[in-house]
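Subject: Structure handover

Hello,

Here is the structure for your files. My notes on it follow below.

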Amino acid sequence: LDSNGRNSTGTITVNAGGNVDVRDKVRSRSKGHGPTATGGAIDIHADGTVTSVTKATIDVRGKRNSTAAGQVTVGGDAGVTLNGQVDVRGNPGGTASINSAAGDVSLNNKLRGEGSPGGGGSFVIDAAGNLTLNTPVKVSGGAPGGGGTVALTAGTAAAIVIRNVNASGLGAPAGTVSATGGSFEGRTITA
């Protein structure tokens, strides 16, 4: 699915009573020579699960050094497993919200929200069950926007497991990383 544009981008909405299996790229990004468009919006919701394959990038990038990224919302009530990238890079970075009201969230490919040269973007990830990030999360930012935000929440008896998170910024303010759940295991966190 493509809703890319040079002068404007669109909105892609998928709402399913069952499961959603994303098999290819879903894009609403700024594209072309000298674009003025910001990134668009992608909203995917399933009453069941949301899953994606490796090549199924969800992409709302702005044009590097020029335009702001857009927003991504992914919700699977019974669980979310994304094997494709989520890309909200731009000037500044955009926002991504990934959640499951009753299941686990597992993210297995790059989560990118770098700001260049503006501030970093944000990833807000909520799971009723376990939350597992088998991938780096990058929301670093340039000056003067500063670092981005990563907010992770899992169920009170559930685990949060992450590899590394970079929310640093060249300018103020510094980025923020928060995690709330039953237990936490992480490698490298930079803010």
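In these notes, contact means heavy atoms within 4.5 Å. The model is a predicted one, in which local features need pLDDT of at least 70 and side-chain atom pairs count only at pLDDT 80 or more, while totals for chains, interfaces and linings use all residues. Residues are numbered from 1 along each chain as its sequence is written, and side-chain values use heavy atoms, with hydrogens and water left out.

Overall make-up

The chain has zero helices and 21 strands; both are DSSP runs numbered from the N terminus, with helices being H or I of at least four residues and strands E of at least two. Its radius of gyration is 16 Å, close to the 16 Å from the globule rule for 191 residues, so the chain is as compact as a globular protein of that length. That radius is taken over C-alpha atoms, and the rule is 2.2 Å times the number of residues to the power 0.38. The C-alpha trace spans about 50 × 40 × 20 Å along its principal axes.

Of the 191 residues, 48% count as buried. Buried means under 20% relative accessible area, exposed over 50%, and partly exposed in between, with a 1.4 Å probe and protein chains only. Among contacts between residues at least 6 apart in sequence, 72% join residues at least 24 apart.

Sheets

Two strands are taken as paired if DSSP finds at least two bridges between them. S1 is joined to strand S4 (residues 41–46) by six bridges, and the two run parallel. In that pair, asparagine 15 is opposite histidine 45 of S4.

Another open sheet of seven strands, also parallel in its pairing, has the order S3-S6-S9-S12-S15-S18-S21. Its edge strands are S3 (26–27) and S21 (188–190), each of which pairs on one side only. Strand S18 (residues 164–166) runs parallel to S21 and is joined to it by three bridges, with asparagine 164 opposite threonine 188 of S21.

Strand S17 (residues 159–162) pairs with strand S14 (residues 131–133) in the parallel sense over three bridges. The bridge partner of threonine 132 in S17 is valine 161. S17 also pairs with strand S20 (residues 183–185), again parallel and over three bridges, and here isoleucine 160 is opposite phenylalanine 184 of S20.

In a regular strand the side chains alternate between the two faces of the sheet.

Serine 183 is in strand S20. With 39% relative accessibility, this serine counts as partly exposed. Apart from residues up to four places away in sequence, serine 183 touches Ala158, Ala159 and Ile160.

Core

How many residues does the largest nonpolar core have? It has 39, and those with the most contacts inside it are Ile98, Phe123, Ile125 and Leu133. Such a core is a set of buried Ala, Val, Leu, Ile, Met, Phe, Trp, Tyr and Cys residues joined through side-chain atoms within 4.5 Å. Beyond its neighbours within four places in sequence, phenylalanine 123 is in contact with residues including Val86, Val88, Ala96, Leu111, Arg112, Val137, Val139 and Val150.

Backbone points to check

Most residues other than glycine have a negative phi, and most peptide bonds are trans.

- The peptide bond from asparagine 91 to proline 92 is cis, with omega near 5 degrees; proline 92 is in the loop between strand S9 (86–87) and strand S10 (95–100).
- The bond from serine 116 to proline 117 is cis as well, with omega near 0 degrees; proline 117 is in the loop between strand S12 (111–112) and strand S13 (122–127).
- Asparagine 65 is not a glycine but has a positive phi of about 70 degrees. It is in the loop between strand S6 (58–59) and strand S7 (71–76), and its 46% relative accessibility makes it partly exposed.

Regards
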